Amino acid sequence: MDLRTRISAALKAAMKDREANRLGTLRLINAAIKDRDIAARTGDTEEGVSEAEVLAILARMVKQRQESARAYEEGGRLDLAERERAEIAVIEEYLPRQLTADEVDEAIGTAIVETEANSIRDMGRVMAQLKARYAGRMDFAAVGPMVRQRLS
């Protein structure tokens with residue numbers, strides 16, 4: 001079952017079970033995907049975004065909520081921070097399992113070997129390969145400095 005179908009089924013189940021918080025988060029996910037579909041369509045293409053792009057949307061939503069939760073905590077609004085964390089938990093149900101630190105390190109090493117990267121100038125090729133293989137499974141903002149360190 002593809003991701004869109006799983007999200008739609010979960011949305012219907014949340015409606016039936018009257019889970020208001022879960023329903024709201026699933027509606028936000030659906031709206032973000034549909035917005036992206038509309039933006040991706042051109043005059044002759046009716047297809048929406050790919051599965052990889054849906055994963056990227058979900059990862060971005062998690063990151064936004066993590067930043068919001070941090071800001072709410074700093075502002076003393078623990079109730080709002082908790083709501084953000086609840087949304088993160090719902091969104092993460094649809095993301096693949098995140099790689100461990102050892103797996104990330106191994107993936108970086110493999111990508112460097114496969115792209116034959118040997119200087120900082122090759123960082124773009126390494127990052128492109130990592131993004132193609134591990135979309136939604138690693139935090140690329142954290143991986144970038146690791147790749148830079150390995151190549152310098």
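Ile7 is found in helix H1. The model is predicted. Its chain holds seven helices and zero strands. Buried residues make up 35% of the 152 residues.

**Whole chain**

- The order of elements along the sequence is α-α-α-α-α-α-α.
- The C-alpha trace spans about 55 × 50 × 25 Å along its principal axes.
- The accessible surface comes to about 9,600 Å². Carbon and sulfur atoms hold 49% of that surface.
- How far apart are the mean positions of the positive and negative charges? They are 2 Å apart, with 25 positive and 27 negative charges in the chain.
- Consider the contacts between residues at least 6 apart in sequence. Of these, 57% join residues at least 24 apart.

- Is Ile7 buried or exposed? Ile7 has 0% relative accessibility. Buried means under 20%, so Ile7 counts as buried.
- Which residues does Ile7 touch, beyond those up to four places away in sequence? They are Leu26, Ile29, Asn30, Ile33 and Tyr94.
- One of these partners is Asn30. Ile7 and Asn30 are 23 residues apart in sequence. Their C-alpha atoms are 7.5 Å apart in space.

- Asp37 lies in helix H2. Its relative accessible area is 7%. That value is under 20%, so Asp37 is buried.
- Asp37 is in contact with Arg4, Gly48 and Val49, leaving aside neighbours within four places in sequence.
- Glu87 lies in helix H4, which runs over residues 78–92. Glu87 is buried because its relative accessible area, 14%, falls under 20%.
- Which residues does Glu87 contact, apart from neighbours within four places in sequence? The partners are Thr25, Leu28 and Arg65.

**Partly exposed residues and their C-alpha separations**

- Gly24 has its place in helix H2. Its relative accessible area is 31%. That lies between the 20% and 50% limits, so Gly24 is partly exposed.
- Gly24 and Ala111 are 87 residues apart along the chain. Their C-alpha atoms are separated by 39 Å.
- Asp105 is found in helix H5. Its relative accessibility is 38%, so Asp105 counts as partly exposed.
- How far apart in space are the C-alpha atoms of Asp105 and Met146? The distance is 8.3 Å, while the two are 41 residues apart in sequence.

**Positive phi outside glycine**

- Arg18 lies in the loop between helix H1 (3–17) and helix H2 (20–40). Its phi is near 55 degrees, a positive value in a residue other than glycine.
- Is Arg18 buried or exposed? Its relative accessible area is 74%. Exposed means over 50%, so Arg18 is exposed.
- Glu116 lies in the loop between helix H5 (101–114) and helix H6 (123–133). Glu116 has a positive phi of about 55 degrees although it is not a glycine.
- The relative accessibility of Glu116 is 63%. That is over 50%, so Glu116 counts as exposed.

**The largest pocket**

- How much space lies in the largest pocket? The volume is about 490 Å³.
- The pocket is lined by 18 residues. The closest to its centre are Ala59, Arg60, Gly136, Met138 and Asp139.
- Which helix gives the largest share of the lining? Helix H3, residues 51–74, supplies eight residues.

**Recap**

- Ile7 in helix H1, Asp37 in helix H2 and Glu87 in helix H4 are the buried residues picked out here, at 0%, 7% and 14% relative accessibility.
- Arg18 and Glu116 are exposed, and each lies in a loop between two helices.

Notes:
Residues numbered from 1 in each chain as written. Predicted model: local features only at pLDDT ≥ 70, side-chain atom pairs only at ≥ 80, totals over all residues. Heavy atoms only, no water. Helix = DSSP H or I, 4+ residues; strand = E, 2+ residues; numbered from the N terminus. Buried < 20%, exposed > 50% of the residue type's maximum accessible area, 1.4 Å probe, protein only. Contact = heavy atoms within 4.5 Å. Areas by Shrake-Rupley, 256 points an atom, 1.4 Å probe, with all protein chains shown as cover. Lys, Arg positive; Asp, Glu negative; His and termini not counted. Charge placed at Lys NZ, Arg CZ, Asp CG, Glu CD. 1 Å grid on protein atoms, 1.4 Å probe; cavity = no way out; pocket = protein on both sides within 12 Å on 5 of 7 lines; lining within 4 Å. Points joined across faces, edges and corners; volume = space filled by probe spheres on them.
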